[in-house]
Amino acid sequence: MHSKDTISRLYRSVLRIRRFEEVAADIYPSDKIKSPVHLAIGQEQVSVGVCDVLEDGDWVGGSYRSHAMHLAKGGTMNGLMAEMFGKETGCCRGKGGSMHIIDVGAGVMGSSAVVGTQIPMATGYALAAKAAGRGRVVAVFFGDGASEEGCFYESLNFAALRKLPILFVCENNGYAIHEPLAKRRARPEGICAVAEALGVPATRIDDGDIFAIRDGAAKAVAAMRAGQGPVLMEACVYRWRQHVGPDEDYGAGYRERVEAEPWMAADQVAKLAALMAPGQCDAIKAEIEAEVAASVRFAEESPIPAPQELFSHVFA
Amino acid sequence: MSSPDRILRYVDALREAFDQEMARDPSVFVFGLDVDDYLGIQGSTKGLVDKYGPERVFTTPLSEDAMTGIAIGAAMAGMRPVHVHIRMDFMLLCMNQLINIAAKAHYMWGGQVKVPLVVRSMIGKSWGQGAQHSQGLHSLFMHIPGLKVVAPSNAYDAKGCMLAAIRDDNPVIVMEHRLLYATEAPVPVEPYAVEFGKARICRKGDDVTVVGISNMVMEAIRAAELLAEVGVEAEVIDPVSLVPLDMATIIASANRTKRLLIVDNGWTMCGASAEIAAQAAEACEGLRIRRMGFAPTTCPTAPNLEAGFYPNPGTIASAAWSLARPGTAAWAPSPERTKLAYQVQFKGPF
Ligand SMILES: Cc1ncc(C[n+]2csc(CCOP(=O)(O)OP(=O)(O)O)c2C)c(N)n1
Ligand SMILES: [Mg+2]
């Protein structure tokens with residue numbers, strides 16, 4: 001059983017991400033966000049469950065689909081929204097957009113839009129964490145597609161070899177863009193087996209349950225803080241919206257809504273809400289609406305980057 | 001049957017090249033992430049899987065490095081693979097295979113194997129493509145002996161270059177541009193090859209020679225129209241293929257105009273523009289040269305910053321003016337008039 005505090009913390013975090021992305025999607029047709037948005041709606045619980053057991057000083061790394069990770073780890077909402085608007089106050093000063101985000105203070109590594117690149121990068125953060133010897137850990141989020149890149153195998157092998165404190169989190173939503181896993185792997189269920197073969201203990205959570213994700217991460221992270229090596233967690237989830245863009249795309253040509261329905265019925269926001277006192281949910285909702293609205297105002301009111309920013313930061 | 005006046009979009013012209021070559025030669029196959037999905041790489045591979053089946057048209061795991069090596073092996077073994085990448089940036093995962101194997105195989109193994117491989121990729125621009133979805137990396141490939149590099153700027157060349165690339169016995173890198181996909185041109189129905197190493201003079205003029213690469217041909221043509229309104233006649237040249245490179249056409253023009261402006265869709269440092277400028281300088285006496293390309297920085301996503309990253313018809317026209325009219329006051333066309341139809345139409349997310 002999870003404590004009331006844990007439940008309300010998870011609820012707040014999942015809903016906060018959901019609403020942030022829904023509001024961004026609503027704004028999108030206005031062309032104020034001129035950035036390819038890859039929404040996590042429907043799969044926020046992976047970031048939330050894992051980040052719930054991380055601390056200050058731990059790091060997370062992710063892909064172009066990283067709004068959830070960013071917010072769950074404590075990255076600022078204002079910085080994220082302003083980045084999507086291309087403003088000077090954005091978390092990358094307007095230079096990165098939705099696909100490239102960062103919050104160094106919150107332990108959010110820069111996210112990368114070349115599939116898989118975050119995996120070795122995060123492994124490097126884990127190498128540094130181990131060298132520092134302060135019990136810090138790294139969690140890296142990537143899709144099922146990313147697990148097909150060579151650098152995935154090479155990073156797991158090295159992390160296992162050097163017993164690095166890194167949690168590999170495969171967010172398996174069954175698709176890479178419009179291509180289902182079965183067209184990309186002879187053994188679609190075999191991601192954990194690959195990790196095991198490389199010396200990385202692996203578990204699969206096939207129903208997207210936030211408590212299972214959180215508890216799995218808690219166990220792995222505790223072991224890593226005590227000096228154990230890497231762990232892989234495969235969390236099966238479902239992406240509710242387009243691969244890129246603000247809309248739904250059921251019936252467009254690669255999937256039908258019936259496939260999504262069981263996942264929507266098992267929506268983690270609703271599930272957590274059902275475990276809470278009604279009044280409590282309303283208070284949290286109101287706070288979140290205010291926070292998201294404030295982030296939109298912040299983004300709208302922020303200045304665009306000064307022209308000379310084009311040439312700043314080419315070299316450190 | 002010939003119908004020279006049929007108009008096709010760039011993306012449909014590409015598709016027709018694949019269709020005709022696959023029908024002609026059973027060793028041709030097209031593969032890469034998403035080539036068989038319902039959108040078919042913006043339409044350029046749409047329907048091919050229905051016609052030629054999943055053995056010849058297939059998606060791949062996200063494994064660009066190995067898939068490139070696999071394509072090279074299949075090519076050496078007698079097939080004609082076309083490997084598709086939705087962004088040129090992702091070809092950076094293929095560099096070892098392309099440069100260490102594909103480019104060198106024929107030479108280092110004494111001419112006994114060939115690598116008839118086509119690698120096509122799209123360059124992105126605008127709508128927050130940013131650092132990792134916008135790079136024009138053709139100069140990296142131009143640097144390496146053994147690789148051919150082509151950059152069709154219009155629908156006619158798109159079909160003809162693709163057909164020539166598929167029939168070529170060497171690895172050919174075909175660089176496409178996302179914003180060109182909707183542009184239209186007359187495209188013959190029958191199969192035809194556009195010969196590599198033959199530049200196209202897109203517009204005649206005596207005052208200044210402007211070489212454009214990839215979509216910069218379109219921008220340069222617009223600049224030339226604006227220059228003509230103020231009495232400067234620019235000759236616009238499209239090299240079409242960068243390796244082999246038809247310097248003779250560029251040099252002949254530059255010798256006449258004595259002014260050469262090269263506009264690349266890539267960085268100027270060690271870029272295609274540097275190579276063209278160097279060869280022209282070696283060949284022409286008294287030539288004034290200017291180069292334009294990506295700003296020497298990483299592509300940002302904020303639209304106002306991104307605007308400063310690329311040459312555009314306004315900046316090209318200004319630069320050409322100052323080359324053609326040295327000692328006169330600087331001139332720039334009104335920004336309203338420098339907009340290109342394809343840019344006005346384009347709206348994200350891709
Ligand atoms: C190296 C590389 N290849 C291809 C792409 C194009 N691409 C962007 S996202 C994506 C799908 C990735 O799928 P997955 O890893 O499952 O993540 P998801 O989008 O489902 O979260 C592809 C192929 C890319 N960005 N980088
Ligand atoms: Mg996926």
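**Entry 1: a loop residue in chain A**

I call a residue buried when its relative accessible area is under 20%. I also remind myself that this is a predicted model. With that cut-off I looked up Ile33(A), and its relative accessible area of 0% makes it buried. Ile33(A) sits in the loop between helix H1 (4–27) and helix H2 (44–51) of chain A. What does Ile33(A) contact, leaving aside its neighbours within four places in sequence? I found Ala24(A), Ile27(A), Tyr28(A), Met84(A) and Phe85(A), and also Trp127(B) from the other chain letter.

**Entry 2: the magnesium ion**

Next I went to the magnesium ion (ligand 2) and asked which residues are its protein donors. They are Asp144(A) through OD, Asn173(A) through OD1 and Tyr175(A) through O, at 2.1 to 2.2 Å. I wrote their spacing in sequence as D-x28-N-x1-Y. Asp144(A) belongs to the loop between strand S2 (138–143) and helix H6 (150–161) of chain A, while Tyr175(A) is in strand S4 (residues 175–176), so this pair ties together parts that are 31 residues apart in sequence. Are these two buried or exposed? Asp144(A) is buried at 0%, and Tyr175(A) counts as buried at 10%.

**Entry 3: ligand 1**

I counted 21 residues around ligand 1, and the closest are Tyr64(A), Arg65(A), Gly145(A), Asn173(A) and Glu64(B). Asn173(A) was already in my notes as a magnesium donor. Because the surrounding residues come from chains A and B, the site is shared between chains. From Arg65(A), a polar side-chain atom lies 2.7 Å from an oxygen atom of ligand 1. Ala113(A) uses a backbone N or O atom, 2.9 Å from a nitrogen atom of the ligand. In Glu64(B), a side-chain N or O atom is 2.5 Å from a ligand nitrogen.

**Entry 4: Glu179(A)**

I found Glu179(A) in strand S5 (residues 179–180) of chain A, and at 0% relative accessibility Glu179(A) is buried. Which side chains make polar contacts with that of Glu179(A)? One is Lys183(A), at 2.8 Å, and another is Thr59(B), at 3.3 Å. Beyond neighbours within four places in sequence, the contacts of Glu179(A) include Gly174(A) and Arg184(A), as well as Asp34(B), Val35(B), Asp36(B) and Asp37(B).

Helix H7 (residues 155–167) of chain B has 13 residues and spans 19 Å from first to last C-alpha, close to the expected 18 Å. Eleven of those 13 residues are buried, so H7(B) is largely enclosed by the rest of the structure. Among the buried ones I noted Asp157(B), Lys159(B), Cys161(B) and Met162(B). At the N-terminal end, Asn154(B) is the cap, with a side-chain oxygen 3.0 Å from the backbone nitrogen of Tyr156(B).

Helix H10 (residues 272–283) of chain B has twelve residues and reaches 17 Å, close to the expected 16 Å. Its buried residues are Ala272(B), Ser273(B), Ile276(B), Ala277(B) and Ala280(B). Why do they end up on the same side of H10(B)? They cover an arc of only 125 degrees around the axis. The buried residues of H10(B) pack against several elements of chain B, including helix H9 (247–257) and strand S13 (259–267).

Definitions and conventions
Residues are numbered from 1 along each chain as its sequence is written. Chains are lettered from A and ligands numbered from 1 in the order in which they are written. This is a predicted model: local features need pLDDT of at least 70, side-chain atom pairs count only at pLDDT 80 or more; totals for chains, interfaces and linings use all residues. Side-chain values use heavy atoms; hydrogens and water are left out. Helices (H or I, at least four residues) and strands (E, at least two) are DSSP runs, numbered from the N terminus. The expected span of a helix is 1.5 Å times one less than its number of residues. Buried means under 20% relative accessible area, exposed over 50%, partly exposed in between (1.4 Å probe, protein chains only). The arc is that of the directions from the helix axis to the C-beta atoms. Contact means heavy atoms within 4.5 Å. Donors are N, O and S atoms within 2.8 Å of the metal (3.2 Å for Na, K and Ca); water is not among the atoms, so sites may look incomplete. A residue is near a molecule or strand if one of its heavy atoms lies within 4 Å of it. A polar contact is a pair of N or O atoms within 3.5 Å; within protein, one must be able to donate a hydrogen and the other to accept it, and residues adjacent in sequence count only if both atoms are side-chain atoms.
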